Amino acid sequence: KNAFKAASALQFDKEIQSESLFNYAKLSYELKDDREAIRALRQVPSTSSNYREAQEILSKLFLNTRNYAEALKILEGIPNKSIELKEAYQKVSYAKGVELYNDGKIPDAKLLFLKSLKSPIDSKTKALCYYWLGEIDHNMKNYDGSISNYNKFLSVAKTVSSLPDESSVYTANYAQGYNYLKKQDYATA
């Protein structure tokens, strides 16, 4: 690892420098030195033959981290994200949104669910964002918004398996019934 780090600092051969940087980053990742792996992987130039693999490793690192705020900050700073990084951004935004929701920071959670939906790559994450947006709207007595978000959830959830119990199709249908009750649409409820 130290040899790759030293070689990545040498300026006389750009190809050796780039290859060494990538190998240093990959070893850091394999040795569970996540902070150093992220730092080094972000330096792999887009012209490198290892750029795509570097992006894939970065996305795995971001999904495994529990520091969602830092992961979001780094992900938002990366231009021209690969599909893997867009998916990581979607999932990290969702996870941070749930974290904020559980902490009672509902407006911030809603913003992150909406950010997550801007990269709708993973269907399960997309469905879960709609579920929580429906829940937020219901709790804020925005029943029309809640109905709309729960309907989107139910539509996407048809294509997804293994949803959590607290955000399942059954729970969404139950909440949807209450939305219609609050709107005095008893037949639909």
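Biologist: Leaving aside neighbours within four places in sequence, which residues is F113 in contact with?

Modeller: This is a predicted model, to begin with. Leaving those neighbours aside, F113 is in contact with Y94, G97, V98, C129, W132, L133 and I136.

Biologist: And in the largest nonpolar core, which residues touch the most other members?

Modeller: F113 is one of them, along with L41, F62 and F153. That core has 50 residues. As a rule, nonpolar side chains in soluble globular proteins tend to be buried together.

Biologist: You mentioned F153. What does S167 contact, beyond four places in sequence?

Modeller: F153 is on the list for S167, and so are L128, Y131 and W132. S167 sits in the loop between α9 (143-157) and α10.

Biologist: Buried or exposed, that S167?

Modeller: Buried. The relative accessible area of S167 is 1%, and the cut-off for buried is under 20%.

Biologist: Switching to helix α5. Which of its residues are buried?

Modeller: Helix α5 covers residues 68-76, and its buried residues are Y68, A71, L72, I74 and L75. They span an arc of only 165° around the axis, so they are on the same side of α5.

Biologist: Why would residues three or four places apart point the same way?

Modeller: Because an α-helix has 3.6 residues a turn.

Biologist: What covers the buried residues of α5?

Modeller: The cover includes α3 (34-41), α4 (51-64), α6 (83-102) and α7 (106-116).

Biologist: Now charges. How many salt bridges does a search of the whole structure find?

Modeller: The search finds 10. One of the pairs is D33 with K1, where the closest N and O atoms are 3.1 Å apart. D33 is in the loop between α2 (14-30) and α3, while K1 is in the segment before α1 (2-8), so the pair ties together parts 32 residues apart in sequence.

Biologist: How accessible are D33 and K1?

Modeller: Both count as partly exposed. D33 has a relative accessible area of 30%, and K1 has 32%.

Biologist: What does E53 form a salt bridge with?

Modeller: K26, with the closest N and O atoms 2.9 Å apart. That pair links distant parts of the chain, with E53 in helix α4 and K26 in helix α2, 27 residues apart. E53 is partly exposed at 30% relative accessibility, and K26 is partly exposed at 27%.

Biologist: And E84, what is its salt-bridge partner?

Modeller: R52, with the closest N and O atoms 3.1 Å apart. E84 is in helix α6 and R52 in helix α4, 32 residues apart, so to speak a link between distant parts of the chain. R52 is partly exposed at 47% relative accessibility. E84 is partly exposed too, with a relative accessible area of 21%.

Biologist: Last topic, the surface. Which residues form a nonpolar patch there?

Modeller: Y174, Y178, L181 and Y186 do, with about 470 Å² of accessible area together.

Biologist: Where does L181 lie?

Modeller: L181 is in helix α10, residues 169-182. L181 is partly exposed, with a relative accessible area of 38%. For patch membership, the cut-off is over 30%.

Biologist: What is L181 in contact with, neighbours within four places in sequence aside?

Modeller: Y186 and A189.

Biologist: How many Å separate the C-alpha atoms of L181 and S123?

Modeller: The separation is 29 Å, and the two residues are 58 apart along the chain.

Definitions and conventions:
Residues are numbered from 1 along each chain as its sequence is written. This is a predicted model: local features need pLDDT of at least 70, side-chain atom pairs count only at pLDDT 80 or more; totals for chains, interfaces and linings use all residues. Side-chain values use heavy atoms; hydrogens and water are left out. Patches are made of residues with over 30% relative accessible area and no salt bridge: like charges are joined within 9 Å, nonpolar side chains (Val, Leu, Ile, Met, Phe, Trp, Tyr) within 5 Å. Accessible areas come from the Shrake-Rupley method with a 1.4 Å probe; for residues, only the protein chains shown count as cover. A salt bridge is a side-chain nitrogen of Lys or Arg within 4 Å of a carboxyl oxygen of Asp or Glu. Helices (H or I, at least four residues) and strands (E, at least two) are DSSP runs, numbered from the N terminus. Buried means under 20% relative accessible area, exposed over 50%, partly exposed in between (1.4 Å probe, protein chains only). A nonpolar core is a set of buried Ala, Val, Leu, Ile, Met, Phe, Trp, Tyr and Cys residues joined through side-chain atoms within 4.5 Å. Contact means heavy atoms within 4.5 Å. The arc is that of the directions from the helix axis to the C-beta atoms.
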